[in-house]
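Welcome! Let us take a friendly walk through a protein model, one neighbourhood at a time.

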Amino acid sequence: MPPELSDLKRLAREAGQMIRAVEPAGRSQHTKDTSIDIVTETDRAVEDFLLGEIRAGFPGDAIIAEESGGSPGEGNGAWYIDPIDGTTNFAHGLPLFSVSIAFAVAGVIQLGVVYNPVLDELYSAARGQGAWLNDIPKRCTQEDILERALLVTGFPYDRFSNPVNNLRQFNHFALKAQGMRRLGSAALDLCYVAAGRVDGYWEMRLAPWDLAAGWLIAEEAGAVVTRTDGVTDLLKPPHSILAANPALHAVMLAELWSIAAAL
């Protein structure tokens, strides 16, 4: 049997309990492929817990996970899990990080949850059934004027050495939007679009587990979600994202195209 949304909510909350139990002094961290891309022991412990639960309850499904890489499946079901999206925030005690879990069938995200365990905010969505924050329905804003829009974005870990680092795009929007934010969790950024806390979000060079759950939540809240080049399949590389209400999405996409054309 495929999972239900309640299964993903339970897993996210139990993972959140594990995270809350870790004191800041115990958040030991190690670098991954770059000097600022870190992983904590909690990332690994939470991912091991989620892998174990999914394999026990849904043994035929594939798993795509940040730290371990996951495992192949026997059917069309696939899980996308990020044990702590926003690890740098977590390691510094900044309460903007999340557990992100999504379930897809044949490459289409069907269920998604994103949980901030510090604020006890659980965002969730089921395809065709809407998006919720702690079971309260949510919709994105209708702001269509870029000069009145609050935008959020992020930057890749190798921005010091890779020219595809979003700095040109950031500077461009900083001179056009009402305000800019960089919060450090792609999953939460998408959920904040869904909840109407920000008007638009874009980011480049993400991984599928960063965006799978938040993608569905934002879409179910009325946002248009594409890659930054307008392609609609976010699970195929290169992984980038643009999310906003339909009118603002069109405005932001045109701006991103103009930047790309000038490069």
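Two residues are in contact when they have heavy atoms within 4.5 Å of each other. With that in mind, glycine 70 touches Arg55, Ile63 and Ala65, leaving aside residues up to four places away in sequence. This is a predicted model, in which local features need pLDDT of at least 70 and side-chain atom pairs count only at pLDDT 80 or more, while totals for chains, interfaces and linings use all residues. Residues are numbered from 1 along each chain as its sequence is written, and side-chain values use heavy atoms, with hydrogens and water left out.

**Around glycine 70**

Helices (H or I, at least four residues) and strands (E, at least two) are DSSP runs, numbered from the N terminus. Glycine 70 sits in the loop between E3 and E4. Glycine 70 has a relative accessible area of 25%, so it is partly exposed. Isoleucine 81 is 11 residues from glycine 70 in sequence, and their C-alpha atoms are 8.9 Å apart in space.

**The seven-strand sheet**

Strands of a sheet pair through backbone hydrogen bonds, either parallel or antiparallel. Here, two strands pair if DSSP finds at least two bridges between them. Seven strands build an open sheet with mixed pairing, in the order E3-E4-E5-E6-E7-E8-E9. Strand E3 (62–65) and strand E9 (136–137) stand at the edges with a single partner strand each, so one side of each has no neighbour in the sheet. Helix H6 (residues 208–220) lies across E3, E4, E5, E6, E7 and E8, and runs at about 100 degrees to E6. Such angles run from 0 to 180 degrees between N-to-C directions, and axes are lines fitted to C-alpha atoms, for helices over the stretch in contact.

**The five-strand sheet**

A second open sheet has five strands in the order E11-E10-E12-E14-E13, again with mixed pairing. Its edge strands, E11 (179–181) and E13, each pair on one side only. The twist averages 15 degrees from one strand to the next. H7 packs on this sheet, touching E10, E12, E13 and E14, and its direction makes about 145 degrees with that of E14.

| Strand pair | Bridges |
|---|---|
| E7 (residues 121–126) and E8 (residues 131–133) | three bridges |
| E12 (residues 200–203) and E14 (residues 241–244) | four bridges |
| E13 (residues 224–226) and E14 | three bridges |

Within E14, alanine 243 stands opposite tyrosine 201 and is also the bridge partner of valine 225. Ile241 and Ala243 point one way from E14, Leu242 and Ala244 point the other way, and all are buried.

**Helices**

How many residues of helix H5 (residues 186–195) are buried? The count is 10 of the 10, so H5 is largely enclosed by the rest of the structure. After H5 comes glycine 196, whose phi is positive, near 80 degrees.

The axes of H4 (residues 167–174) and H7 (residues 246–262) come within 11 Å and cross at roughly 130 degrees. H4 and H7 are therefore oblique to each other; angles under 35 degrees count as roughly parallel, over 145 as roughly antiparallel, 65 to 115 as roughly perpendicular, and the rest as oblique. The contact involves Arg168, Gln169, His172 and Phe173 of H4, together with Met252, Glu255, Leu256, Ser258 and Ile259 of H7.

Terms used
Buried means under 20% relative accessible area, exposed over 50%, partly exposed in between (1.4 Å probe, protein chains only).
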